[in-house]
Amino acid sequence: YDPKTGDLFLMFTNAITIPQNTALKKDLLAYMENKPIKPFNAIDLERFQTCTGTYLLKEADLVLEIVLEGPKMYLVAPSQGIKSELVQKDDTSLYDTTVGATLTLVENETDRLTFQQNGFTTTITKIDTERP
């Protein structure tokens, strides 16, 4: 609530946590204080293009795909019907804008990523989806 303007901001969710909670708070405070809002980082496709492919999140027996469509990358969970845009979090990480997962490059590895979501961390590995 901003007592100067009378503006009130409420957010409701059906999840335990809100994806991008910290970024939303920073953006809201910047807006209320008439400061610039930091934009999302465009993905350095040259650096992250090798991440495209199909991965297995073993603990959930869930197949995830990272796809490139033009200048954007998406994380797709076909079995759940989810397709969410990825943004670059930092030099080594991508952030899923829908469910709040972070995918981080593993040093000297091209077929594995670190997957983090809601305090859970694991490594996901590329799988071969071509059938002989």
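Glutamate 109 is partly exposed, at 33% relative accessible area, where that label covers anything between buried (under 20%) and exposed (over 50%), with a 1.4 Å probe and protein chains only. Its salt-bridge partner is arginine 112, with the closest N and O atoms 3.7 Å apart; a salt bridge here needs a side-chain nitrogen of Lys or Arg within 4 Å of a carboxyl oxygen of Asp or Glu. Arginine 112 is partly exposed too, at 30%.

A word on the ground rules: this is a predicted model, with local features needing pLDDT of at least 70 and side-chain atom pairs counting only at pLDDT 80 or more, while totals for chains, interfaces and linings use all residues. Residues are numbered from 1 along each chain as its sequence is written, and side-chain values use heavy atoms, leaving out hydrogens and water.

The structure has four salt bridges. One of them joins glutamate 33 and lysine 35, with 3.2 Å between the closest N and O atoms; glutamate 33 is partly exposed at 47%. Another ties glutamate 85 to lysine 72 at 4.0 Å. That pair links distant parts of the chain, 13 residues apart: glutamate 85 is in strand β4 (residues 82-90) and lysine 72 in strand β3 (residues 72-77). Helices (H or I, at least four residues) and strands (E, at least two) are DSSP runs, numbered from the N terminus. Glutamate 85 comes in at 27% relative accessible area and lysine 72 at 37%, and so both count as partly exposed.

Now follow the strands. β1 (residues 53-57) runs antiparallel to β2 (residues 62-69), joined by five bridges; strands pair if DSSP finds at least two bridges between them. Threonine 54 stands opposite glutamate 65 in β2. The β1-β2 hairpin has four residues between its strands, and aspartate 61 in the turn has a positive phi of about 50 degrees. Five bridges also connect β2 to β3, again antiparallel, with isoleucine 66 partnering leucine 75 in β3. In this hairpin two residues lie between the strands, and glycine 70 has a positive phi near 65 degrees.

Finally, look at tyrosine 74: the charged end of lysine 83 sits over its ring, 4.6 Å from the centre. That description requires NZ of Lys or CZ of Arg within 6 Å of the ring centre and within 35 degrees of the ring normal.
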